[in-house]
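This briefing presents one protein chain to a reader who is new to structural description. Please keep the sequence and the model in view while reading.

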Amino acid sequence: MRNKNVLFLVQAAMIAAIYVALTFVSSSMGLASGTIQVRISEALCILPVFTTAAIPGLWLGCLMANLLTGAILVDVVFGSIATLLGALGTYYLRKHRFVCTLPPVAANMVIVPFVLRYGYGFITEYRGIDWSLPFNAVTVGIGEIITCVVMGGVLLRVLLRYRNVIFTPER
């Protein structure tokens, strides 16, 4: 029993560390935050298909990445919650190979536009109407589709070949 707990903690910590490192890569290219976000680290949101350790690992990785890249407190809290909800959704849909990539997209499209509008003050007006929430939902959604569906889908296909080598079966 003790070895399973250690394995779980090590996997969660490794996933968190990789998430942070990939966020720094995205951040160095100006893609990790803002209205248009293409966080390469979000491709890791498919990992709950393989291990439940990915759920706290992704949440902790996002929390640390947001803290270390200078996000405001609202973004640290709610951005991390969006990643946690996306990871949980991926876990519950893990048997559906394409559909399991969609929960992080949906969670971020719902939560992050509010953070961008009310936390950071990103306003998009057209003819006197505030379109910030729908505009930010679309732009965040496009970035999430690129990272979670496309890049995450590729990662999923590669990891499926090596799942028994990298991840121990959970029961």
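Contact, or touching, means that heavy atoms lie within 4.5 Å. The structure is a predicted model, in which local features need pLDDT of at least 70 and side-chain atom pairs count only at pLDDT 80 or more, while totals for chains, interfaces and linings use all residues. Residues are numbered from 1 along each chain as its sequence is written, and side-chain values use heavy atoms, with hydrogens and water left out.

**Terms for position and exposure**

- Helices (H or I, at least four residues) and strands (E, at least two) are DSSP runs, numbered from the N terminus.
- A residue is buried under 20% relative accessible area, exposed over 50%, and partly exposed in between (1.4 Å probe, protein chains only).

**The nonpolar core**

- A nonpolar core is a set of buried Ala, Val, Leu, Ile, Met, Phe, Trp, Tyr and Cys residues joined through side-chain atoms within 4.5 Å.
- The largest such core has 20 residues, of which Y19, I46, L47, F50, L58, L156 and L159 touch the most other members.
- Two or more residues of this core come from each of helix 1 (2-28), helix 2 (54-68), helix 3 and helix 5 (132-166).
- Helix 2 gives the largest share of the core, namely five residues.
- In soluble globular proteins, nonpolar side chains tend to be buried together.
- L47 is in contact with I15, A54, L159 and F167, leaving aside its neighbours within four places in sequence.

**Helix 3**

- The expected span of a helix is 1.5 Å times one less than its number of residues.
- Helix 3 has 20 residues and should therefore span 28 Å; its end C-alpha atoms are 29 Å apart, which agrees.
- The buried residues of this helix are D75, V76, G79, S80, A82, T83, G86, A87, G89, T90 and Y91.
- T83 lies in helix 3, which covers residues 73-92, and T83 counts as buried because its relative accessible area is 2%.
- Residues up to four places away in sequence aside, T83 touches Y19, E42, C45, L58, W59 and C62.
- G89 also belongs to helix 3, and G89 counts as buried because its relative accessibility is 18%.
- The C-alpha atoms of G89 and L102 are 8.2 Å apart in space, although 13 residues separate G89 and L102 in sequence.

**Helix 4 against helix 5**

- Axes are lines fitted to C-alpha atoms, for helices over the stretch in contact, and angles run from 0 to 180 degrees between N-to-C directions.
- Helix 4 (residues 102-119) and helix 5 pack at an angle of about 140°, with their axes 8 Å apart.
- A crossing is left-handed if the near helix is turned anticlockwise from the far one by less than a right angle, and right-handed if clockwise; helix 4 passes helix 5 in a right-handed crossing.
- The residues that make the contact include L102, P104, N108 and M109 of helix 4, and A137, V140, E144 and C148 of helix 5.
- By class, this contact has 15 nonpolar, four polar and two charged residues, where Ala, Val, Leu, Ile, Met, Phe, Trp, Tyr, Cys and Pro count as nonpolar, Asp, Glu, Lys and Arg as charged, and the others, Gly among them, as polar.
- N108 lies in helix 4, and N108 is buried because its relative accessible area is 5%.
- A137 lies in helix 5, and A137 counts as buried because its relative accessibility is 15%.
- A137 touches M109 and P113, not counting residues up to four places away in sequence.
- A137 and C148 are eleven residues apart in sequence, and their C-alpha atoms are 15 Å apart in space.
- V138 is placed in helix 5 and counts as partly exposed because its relative accessibility is 48%.

**Two loop residues**

- R39 is found in the loop between helix 1 and helix 2, and R39 is buried because its relative accessible area is 9%.
- R39 and S27 are twelve residues apart in sequence and 7.8 Å apart in space, C-alpha to C-alpha.
- R127 is placed in the loop between strand 1 (125-126) and strand 2 (129-130), and R127 is exposed because its relative accessible area is 72%.
- R127 has a positive phi of about 55°, although it is not a glycine.
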